[in-house]
Amino acid sequence: MKLCIKNGLVINPKTQMEKVTDIWVEDGKVSHIGSLDEVYDECIDASGKWVVPGLIDLHVHFRAPGFEHKEDIESGARAAAKGGFTTVCCMPNTNPVIDNECVVEYIHSMARKANGVNVLPIGAITKGQEGESLADIGKMKEHGICALSEDGKTVMDSGLMKKALSYAKPFGLVTMSHTEDRTLTGGAMNAGENAQLFGIKGIPREAEEIIVARDILLAKYTGAKLHLCHISTEGSLEIIRFAKAQGVDVTAETAPHYFTLDDSILGDYDTNKKMSPPLRTKKDVEAMKRALVDGTIDVIATDHAPHHYDEKNVEFEKAPFGIVGLETSFSLSYTNLVKTGLLSKMSLINKMSTKPAEILGIEKGDLSVGKIADITIIDPEASYEITKETFAGKSKNSPFIGMQVEGEVTHTLVAGKIVYEK
């Protein structure tokens with residue numbers, strides 16, 4: 001089948017293309033860019049819209065196996081498609097943990113039954129995420145993991161973390177670090193004036209910054225690829241800047257909530273605003289924006305973490321950490337970064353598609369001829385209110401409900417197949 005996406009603003013960071021033109025898709029790949037005097041089987045009129053490489057999220061929790069009451073592969077893929085994501089990487093803190101080839105194959109099998117969105121499993125660093133011995137990295141790589149992580153926990157044994165980085169290197173795997181020293185946690189929000197005001201035990205910023213510094217040093221001495229998850233503090237950014245200047249092979253992500261919200265909003269004790277790491281201060285929010293502009297932060301990820309309504313409908317201290325984010329990520333990023341003039345269109349798409357693909361080392365995030373036609377079409381003029389009805393996934397635990405945003409995904413295509421259409 002021959003598909004033509006006509007008259008859209010094609011934005012392709014890989015080639016620095018930004019022009020109004022047509023994209024032709026055949027046999028699941030981009031076959032031509034530009035006008036053609038040929039007959040098509042299907043046409044999408046993208047006039048006034050952006051046509052970009054499919055968005056890629058390096059950090060989601062699809063909860064399967066074991067916690068399907070929160071989310072499963074099918075519902076998570078549905079949420080991803082609605083948010084414009086064609087590829088997502090699911091973290092291993094499931095039950096059983098993604099720490100062996102059998103669970104990796106289970107994720108693949110469930111993904112094949114979903115809507116076509118590429119669901120890439122991330123393998124656990126240690127067996128059972130118990131932090132005692134390495135999981136079988138080679139077997140998991142053989143069966144298709146895209147990275148290693150202990151997300152949800154931290155490998156507290158520095159020697160074991162160094163060994164993990166060393167093992168990951170020859171397999172070409174990036175190791176994603178959950179940046180939180182567990183000996184310093186135990187609170188429910190950012191430690192500081194607002195925690196004292198609201199009477200909630202705080203989580204200090206040094207819990208994040210200590211692990212950021214440690215894992216950067218381990219990456220330096222092993223020469224391994226390190227990716228730092230959910231960066232939230234100004235201090236972490238200073239350490240990452242220094243590491244990059246020293247040539248350490250490190251990349252970092254943040255999530256939309258860390259550059260849009262701060263801990264002053266927690267006075268209503270809304271558990272949908274509780275996440276790990278917690279919302280920080282206004283100063284940290286401004287620092288995060290600067291880091292997105294200067295490249296200290298390479299990637300915008302969601303840390304999509306669904307929870308059932310009943311689990312969040314408890315006292316703030318007792319509620320689980322985490323919020324959903326796939327369906328609001330682009331709109332929040334566009335509204336707060338592009339519409340405000342902080343980032344260009346090209347830079348935003350790079351951070352949400354091309355750069356994540358480069359970090360993983362996969363052939364995506366590129367709309368060049370011959371590449372797989374993973375494509376997202378966006379209406380930058382659309383404005384809408386985020387409501388509970390907005391969400392296609394199982395859970396609705398979002399701090400952004402009621403917020404007005406701009407920029408809406410209208411189509412998501414995976415290998416040329418439409419998996420979401422507004």
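Predicted model: local features only at pLDDT ≥ 70, side-chain atom pairs only at ≥ 80, totals over all residues.
1. A disulfide would need the two sulfur atoms within 2.5 Å.

2. Cys229 isn't in a disulfide either: its nearest cysteine sulfur, in Cys89, is 10 Å off. Cys229 is buried, with a relative accessible area of 0%. The count of disulfides for this model comes to zero.

3. Now for helix α7, which covers residues 234–245. Its twelve residues should span 16 Å at 1.5 Å a residue, and the C-alpha atoms at its ends are 17 Å apart, so the two values agree. After α7 comes Gly247, which has a positive phi, near 85 degrees.

4. Which residues of α7 are buried? They are Glu234, Gly235, Ser236, Leu237, Ile240 and Ala243. These buried residues pack against two helices, α6 (206–222) and α8 (282–294), and against two strands, β14 (226–228) and β15 (250–254). As background, an α-helix has 3.6 residues a turn, so residues three or four places apart point the same way.

5. On to the rings: the whole structure has five aromatic pairs. One of them joins Trp24 and Tyr40 in a tilted arrangement, with 6.1 Å from centre to centre and 55 degrees between the planes. Trp24 belongs to strand β2 (residues 17–26) and Tyr40 to the loop between β3 (29–33) and β4 (42–45), so the pair ties together parts 16 residues apart in sequence. Trp24 is buried, at 1% relative accessible area, whereas Tyr40 is partly exposed, at 36%.

6. Phe198 and Tyr269 make an edge-to-face pair, with centres 6.3 Å apart and planes at 70 degrees. This pair links distant parts of the chain, 71 residues apart: Phe198 is in helix α5 (residues 193–198) and Tyr269 in the loop between β15 and α8. Phe198 is buried, with a relative accessible area of 14%, while Tyr269 is partly exposed at 41%.

7. Have a look at Trp50, Phe330 and Tyr334 too, as they form one aromatic cluster.

8. Finally, there's Lys274. Its charged end sits over the ring of Phe321, 4.6 Å from the centre. Lys274 also lies over the face of Phe316, at 5.7 Å from that ring's centre.

Definitions and conventions
Residues numbered from 1 in each chain as written. Heavy atoms only, no water. Buried < 20%, exposed > 50% of the residue type's maximum accessible area, 1.4 Å probe, protein only. Helix = DSSP H or I, 4+ residues; strand = E, 2+ residues; numbered from the N terminus. Expected span 1.5 Å × (residues − 1). Contact = heavy atoms within 4.5 Å. Phe/Tyr/Trp six-rings, centres within 6.5 Å; stacked < 30°, edge-to-face > 60°. Lys NZ or Arg CZ within 6 Å of the ring centre and 35° of its normal.
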